[in-house]
Amino acid sequence: MASAAESGPAPPRESDQNFDYMFKLLIIGNSSVGKTSFLFRYADDTFTSAFVSTVGIDFKVKTVCRNDKRIKLQIWDTAGQERYRTITTAYYRGAMGFLLMYDITNEDSFHAVQDWATQIKTYSWDNAQVLLVGNKVDMEDERVVSTQQGRQLADQLGFEFFETSAKDNINVRQTFERLVAIICEKMADSLEGESAAAPGKKGPSLSDAPAQAAQHCGC
């Protein structure tokens, strides 16, 4: 995991070019909703119950396969505290996808979702894709935000919705996979739209891009 100074870390340096696409993803939300644990569970399949507050912003890199293409994910884990807000919002630019996370046992984190959504709209590009994530479903006995409330808010904001647990590894991989899938779908739609003016020519899709990756995909 990269260590972040208050000026923010440099982007990940890639030692090879064995991928077809790179997607920049951000996990945002209030402090202590489980963003770092969620990222570690997905990237390393590890979990620790010890809480360590993220300072500024950190990242991990993971490569996945979709439609015979290798996609390198830069996944940025942002600090939720107000004092880091000017640092983290600088990283919104260029992000293709967001996981906006709240804690189902913390009503304040749920009420803050609207503000976080406004920040995405303000600082990110128009086509960035967002999933709303209610984390910590392993703590069902302490739940204060119902599944219905989460789904209603997601519908209101126009986001897809998942409930997850980094601790019990519930819907972690599925959430990231869905975000990547939506980004790929939007890319394909955009390419088809751009080529629509050429009569008789079908627009390119994600799988039509020139291959840069190795033939055997081991991810």
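## Strand β5 and its neighbours

Let's start with the sheet: strand β4 (residues 97–103) and β5 run parallel, joined by seven bridges. Across that pairing, Phe98 sits opposite Val130 of β5. This is a predicted model, so keep that in mind for everything below.

β5 also pairs with strand β6 (residues 160–163), again in parallel, through four bridges. There, Leu131 has Glu160 of β6 as its bridge partner. To get from β5 to β6 the chain goes through helix α5 (residues 147–157), and this β-α-β crossover is right-handed.

## Buried on both faces

How many residues of strand β5 (residues 129–135) are buried? Seven of the seven are, so the strand is largely enclosed by the rest of the structure.

In a regular strand, side chains alternate between the two faces of the sheet. For β5, one side carries Gln129, Leu131, Val133 and Asn135, while Val130, Leu132 and Gly134 are on the other. Both faces are covered, with the residues on each side all buried.

## Helix α5: one face in, one face out

The buried residues of α5 are Gly150, Leu153, Ala154 and Leu157. Looking down the helix axis, they fall within an arc of 100°, so they line one face of α5. What covers them includes β5 and β6, along with β4, α3 (107–111) and α4 (113–123).

After the helix comes Gly158, with a positive phi near 80°.

Elsewhere, strand β3 (residues 69–78) contains Gln74.

The protein chain has a mean pLDDT of 80, with 72% of its residues at 70 or more. Two stretches deserve a look. Over residues 1–8 the pLDDT is below 50, and this stretch has 19 contacts in the model beyond near neighbours in sequence. Residues 199–219 are also below 50, with 40 contacts beyond near neighbours in sequence.

What should you make of coordinates where pLDDT is low? They should not be read in detail.

Notes:
Residues numbered from 1 in each chain as written. Heavy atoms only, no water. Buried < 20%, exposed > 50% of the residue type's maximum accessible area, 1.4 Å probe, protein only. Helix = DSSP H or I, 4+ residues; strand = E, 2+ residues; numbered from the N terminus. Pairing = 2+ DSSP bridges. Right-handed = clockwise from strand over helix to strand, strands pointing away. pLDDT = per-residue confidence, 0-100. Contact = heavy atoms within 4.5 Å. Arc of directions from axis to C-beta.
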